[in-house]
Amino acid sequence: MRLWPFSPRPVPIETRTEPGVGEAPAEGSVNAPPDWLLSLFAGGPLVSGAVSGAEALRVPAVAAAVRVIAEAVSTLDIAVVERRADGSTEPVEHPMADLLRGDANDWLAGWELVRDLTMAALTNDFGGMAWVNRVGGEVREIIAYRPSALTVEFDTLTGEPSYRLHGRPVPAGDILHVRGPFTRCPLSMAAEAIGAARMMERHASKLFENGARPGGVIT
């Protein structure tokens with residue numbers, strides 16, 4: 001058929017011969033692209049593996065989520081409850097409640113301590129811990145040491161925690177421990193997704209460093 005004034009022109013059809021069984025693909029074909037073409041896409045893996053807590057907090061979405069949750073928890077009313085043998089709880093009067101509602105120590109407010117312990121529970125598998133300082137058996141202050149100073153180990157059979165302060169064992173009753181609902185913190189459970197987001201941000205940053213122009217042209 002011919003439609004005036006257009007003249008039909010034959011359209012060339014691209015063909016490709018598949019190699020036979022046991023035969024290597026032809027050089028420069030789709031199955032075996034040349035080295036110079038592969039080098040354009042050899043910028044590293046597109047996704048990253050698990051990331052550390054410090055690296056994960058460099059992702060704006062992760063840092064914002066941790067901050068929002070921790071600050072929201074620090075605004076809640078503080079109540080100390082006693083857990084009974086049947087699993088029920090009952091509010092009790094305890095000196096620690098006054099410290100958490102007021103000043104935990106001479107340099108840290110109670111709400112700041114709650115915020116910091118919540119942030120540690122979100123970013124650390126061992127949770128957030130603080131030492132309760134007693135003088136003459138009376139609670140005087142709550143001090144949040146660095147993670148390297150205050151450590152915890154869990155019994156492999158019962159899960160019972162044992163605490164050490166500067167390497168010395170301390171009673172569990174002198175420790176304020178905030179943990180997540182799982183054995184791993186949210187950052188550890190989402191490490192792969194956070195690593196992928198971190199790697200995508202790096203690739204986007206390098207693209208804009210080049211003026212949003214690709215490093216090569218394929219013709």
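A salt bridge here is a side-chain nitrogen of Lys or Arg within 4 Å of a carboxyl oxygen of Asp or Glu. Glu71 and Arg67 meet that condition, their closest N and O atoms being 3.0 Å apart. The model in which this pair occurs is a predicted one.

**Overall composition**

The protein chain contains seven helices and eight strands. Of its 219 residues, 25% are buried. The chain exposes about 16200 Å², and carbon and sulfur atoms supply 58% of that area. Among contacts between residues at least 6 apart in sequence, 54% join residues at least 24 apart.

**Salt bridges**

The structure holds six salt bridges.

| Pair | N to O distance |
|---|---|
| Arg101 and Asp98 | 3.7 Å |
| Arg140 and Glu138 | 3.7 Å |

Glu71 and Arg67 lie four residues apart in helix H3, so about one helical turn separates them. Glu71 is partly exposed, with a relative accessible area of 34%, while Arg67 is exposed at 54% relative accessibility. Arg101 and Asp98 are three residues apart in helix H4 and are likewise separated by about one helical turn. Asp98 counts as exposed, at 51% relative accessibility. In the pair of Arg140 and Glu138, Arg140 is partly exposed at 46% relative accessibility, and Glu138 is partly exposed at 48%.

Helix H3 covers residues 60-74, which makes 15 residues. From its first C-alpha to its last it reaches 21 Å, close to the 21 Å expected at 1.5 Å a residue. Val62, Val66, Ala70 and Ser74 are the buried positions named in H3. These residues lie on the same side of H3 because they cover an arc of only 90° around the axis. Pro60, Ala61 and Val68, on the other side of H3, are exposed.

Helix H7 has 19 residues (191-209), and its end C-alpha atoms are 27 Å apart, in agreement with the 27 Å that it should span at 1.5 Å a residue. Buried residues in H7 include Ala191, Ile194, Gly195, Ala196, Arg198 and Met199.

**Nonpolar cores**

In soluble globular proteins, nonpolar side chains tend to be buried together. The largest nonpolar core in this model has 13 residues. Those with the most contacts inside this core are Met96, Leu100, Leu113, Ala130, Ile142 and Leu176. At least two core residues come from each of helix H4 (95-101), helix H5 (110-123), strand S3 (128-135) and strand S4 (138-143). With residues up to four places away in sequence left out, Met96 touches Val132, Val139, Ile142 and Leu176. A second, separate core has nine residues, among them Met129, Trp131, Ile143 and Leu165.

**A positive phi at His166**

Most residues other than glycine have a negative phi. His166 has a positive phi, near 55°, and is a residue other than glycine. His166 sits in the loop between strand S6 (161-165) and strand S7 (168-170). With 52% relative accessibility, His166 counts as exposed, the cut-off for that class being over 50%.

Technical notes. Residues are numbered from 1 along each chain as its sequence is written. This is a predicted model: local features need pLDDT of at least 70, side-chain atom pairs count only at pLDDT 80 or more; totals for chains, interfaces and linings use all residues. Side-chain values use heavy atoms; hydrogens and water are left out. The expected span of a helix is 1.5 Å times one less than its number of residues. Buried means under 20% relative accessible area, exposed over 50%, partly exposed in between (1.4 Å probe, protein chains only). The arc is that of the directions from the helix axis to the C-beta atoms. A nonpolar core is a set of buried Ala, Val, Leu, Ile, Met, Phe, Trp, Tyr and Cys residues joined through side-chain atoms within 4.5 Å. Contact means heavy atoms within 4.5 Å. Accessible areas come from the Shrake-Rupley method with a 1.4 Å probe; for residues, only the protein chains shown count as cover.
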